Amino acid sequence: MLIPQSEIDRIKSEASVEQFLVNPKRQGGFLVARCPLPGHDDTTPSFRYNLAEGWWKCMGCGRGGGDVIKFACAYWNLSWPHDFPLTLERLGARRGDPGEHRYLPPAIKGTAATPTRPETGPRLPDRAAIAVYRAAADVWATNLWRLANRDALAYVRGRGIPDALTRSEWIGVSTDTLGAALRERGLSLEIARLLGLLRRDGHETFAGRITFVEWRVVGGDWAPVWATARVYGTGAAWDEERKYLNVRGDRLVVGLDRCRQASEVVVVEGVGDRLAVLSFSDAAVSLGSNQPSSGMYAELRALARTRRLILLGDPDRAGRKGRTRTLAKLDLPPAAEAYLADLPPTVGDPGALLRRPDGAALYQAAKERARRVDLARFGRLVAACRAAYETRTAAARARTRAITAAPAHPALPKKEVIAMGD
Ligand SMILES: [Zn+2]
């Protein structure tokens, strides 16, 4: 990669640290904001950016530098000066024409695999717990392909999930045999109980459900670290039981590490929605519900640092509201790329695309119509809404105080009790 000096100069004059800050405030010659750098979960605004000279410094984590390129390198968790050219490219530098004066960078090795760890992401299970998860994932996935469980496989196929995806995603079914399998393998039943995989009575929590396992890279290897399970089939169970049951422990963004090679990630709500996007050969993560945990927001923010996020969902009011709330809580800097994509109202959720012959076409069309969110404007809007909300609640509190402070009313005459019905 060859980047001309003119491009470096252009980047320095056009890109700004400001683009990476969330709600920066002007203080003299500085912009002050919460530190946006990875590994620092800043609660007070510790980050200073000098507007006139371009240098920046975090008073919390101590990092600092002279310009936007050094900043971007830290922001994307790249190594300095090794990843100087990659940083420039991400900031929008173009390769040069032959003959132009060039900066010739050293060769880049393995930068694509640079892990970007979340600020305060969810906690992953330890080795003993992973061994239990591994056994569970194995038992469940094997179960699904047994003749005795053909109704479970028929359900998965009925949802339109291709067999190849069912296998690569380790979709399974729980038939209450995990306890025996753990004993056979010499693994701890107590840990399985603590994880919420086994109940006190030794039966499986997920018995009779379709199982989904989350895989993450732990210590360089893929490991199952979390699971969720869905009821299937028809019958009374549908009305009485919760549709999904999760294991204990921190909730995770499902499919996060599977997206590490992608430059664009589709964000959906349900596990089934994610499978639909995967079946169209795109990268996707699912949030499990429309109210992710704070650790999951940290994971999503880390993802948004280096990738374009497309929030895909229902065009109905609840679907839109959920995605807008996710965006508001994410607090992404203006430099991040976030898109909102709506499916046609007749489709419903993305998971439904799997059962439609025109699913792939509808999905592509929704992606093409996706609108980029102007995050600077969106951030100002969210801040204005929060301020208006605070003013309203303060006024309401003042009214309550005025009422409770007022002298008591004279006793009102008791109303007659009117008998209802017959
Ligand atoms: Zn910092």
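Helix α14 covers residues 375–405, and at 1.5 Å a residue its 31 residues should span 45 Å; the end C-alpha atoms are 44 Å apart, so the two values agree. The expected span here is 1.5 Å times one less than the number of residues. Helices are DSSP runs of H or I with at least four residues, strands are runs of E with at least two, and both are numbered from the N terminus.

This is a predicted model, where local features need pLDDT of at least 70, side-chain atom pairs count only at pLDDT 80 or more, and totals for chains, interfaces and linings use all residues. Residues are numbered from 1 along each chain as its sequence is written.

Back to α14: it is hardly covered, with 2 of its 31 residues buried. Buried means 20 or more other C-beta atoms within 10 Å of the residue's own, exposed means 12 or fewer, and partly exposed lies in between, with C-beta atoms placed from the backbone. Strand β14, residues 308–313, is mostly covered, with 5 of 6 residues buried.

Which strands pair with β14? Pairing requires at least two DSSP bridges between two strands. Val-266 stands opposite Ile-310 in β14, and Leu-309 stands opposite Ala-338 in β15. From β14 the chain crosses through helix α12, residues 317–330, to β15, a right-handed β-α-β crossover: with the strands pointing away from the viewer, the path from the first strand over the helix to the second runs clockwise.

Elsewhere, 5 strands form an open antiparallel sheet in the order β2-β3-β4-β5-β6. β2 (25–27) and β6 (64–65) stand at the edges with a single partner strand each, so one side of each has no neighbour in the sheet.
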